[in-house]
Amino acid sequence: MEREWVVEESVVVAAPARDVYAAVANPRRMGEWSPEVFATWMRGRAVGPGTRFVGFNRIGWRVWFTTCQVSAAVPGEAFAFRVSSFGVPVALWGYRFEDVSQDPSAPRTRLTEYWEDQRRDHRGAGFVSLLGRVFTGVPAEGRAEVNRKGMRATLDRIRTAVEKG
């Protein structure tokens, strides 16, 4: 099986892009959406490029944390953050928001979540891949499939919450 380095999934949300963005671009809410993230810690209230936060994650009995830095925060368009472990790049996670409504009175937004594995072509990539396997129980080659399943759950939770208002 060839290793996947990029994964993305999408869902259409019956809401304006600005409302979907407001839910997604708040790191403190990630525990509501993600099946892996159970908490986040962030100083301050404002979220923008450069904002740092810590994600606390879990798969079964395994628990670990990651350090994250927001790399894109464009309301209604894009939100992304880079993940590292002990200063070594691990992944880029992001969301794109696209207005797909045909009728202005019935807003619809395509929300796309994407992940790019950053554990390649740099010093420390092998080390972080090993740490990933130890802490998460998932080998680097299997991470894309685990993330794909997680993305589907995450997007469904976001869609449900935003549509309920």
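Angles run from 0 to 180 degrees between N-to-C directions. I also note that the model is predicted.

**Entry: helices on the sheet**

I looked up helix α1, residues 17-24. Helix α1 lies across β1, β4, β5, β6 (88-99) and β7 (109-117). Its direction is at about 155° to β6. Next I took helix α3, residues 125-136, which packs on the sheet. I list its contacts as β3, β4, β5 and β6. Against β4, helix α3 makes an angle of about 125°.

**Entry: the sheet**

In what order do the strands of the open sheet run? I read β1-β7-β6-β5-β4-β3-β2, 7 strands with antiparallel pairing. Which strands are at the edges? They are β1 (6-13) and β2, and each pairs on one side only. As a reminder to myself, strands of a sheet pair through backbone hydrogen bonds, either parallel or antiparallel.

**Entry: two hairpins**

I followed β3 into β4. These two strands pair in the antiparallel sense over 8 bridges. Phenylalanine 56 has phenylalanine 65 of β4 as its bridge partner. The hairpin leaves 2 residues between the strands. In that turn I found glycine 60 with a positive phi of about 60°.

Then I went from β4 (residues 62-74) to β5 (residues 78-85). They run antiparallel and are joined by 7 bridges. I checked two residues for partners in β5. Glutamine 69 bridges to arginine 82, and threonine 67 bridges to serine 84.

**Entry: aromatic pairs**

How many aromatic pairs does a search of the whole structure find? I get 6. I looked at phenylalanine 38 and phenylalanine 56, whose ring centres are 6.4 Å apart with planes at 45°. Planes under 30 degrees apart count as stacked and those over 60 as edge-to-face, the rest as tilted. The angle of 45° therefore makes this pair tilted. The pair links distant parts of the chain, 18 residues apart. Phenylalanine 38 is in strand β2 (residues 37-42), and phenylalanine 56 is in strand β3 (residues 52-59).

I moved on to phenylalanine 79 and phenylalanine 81, another tilted pair. Their centres are 6.2 Å apart, with 50° between the planes. Phenylalanine 79 has a relative accessible area of 0% and is buried. Phenylalanine 81, at 6%, counts as buried too. Both belong to a cluster that ring pairs build from Tyr21, Phe53, Phe79, Phe81 and Phe97.

**Entry: arginines over rings**

Which ring does arginine 58 lie over? I find it over the face of phenylalanine 38, at 4.2 Å from the ring centre. I logged arginine 3 as well, which lies over the face of tryptophan 5 at 4.0 Å from the ring centre.

Definitions and conventions
Residues numbered from 1 in each chain as written. Predicted model: local features only at pLDDT ≥ 70, side-chain atom pairs only at ≥ 80, totals over all residues. Heavy atoms only, no water. Phe/Tyr/Trp six-rings, centres within 6.5 Å; stacked < 30°, edge-to-face > 60°. Helix = DSSP H or I, 4+ residues; strand = E, 2+ residues; numbered from the N terminus. Buried < 20%, exposed > 50% of the residue type's maximum accessible area, 1.4 Å probe, protein only. Lys NZ or Arg CZ within 6 Å of the ring centre and 35° of its normal. Pairing = 2+ DSSP bridges. Contact = heavy atoms within 4.5 Å.
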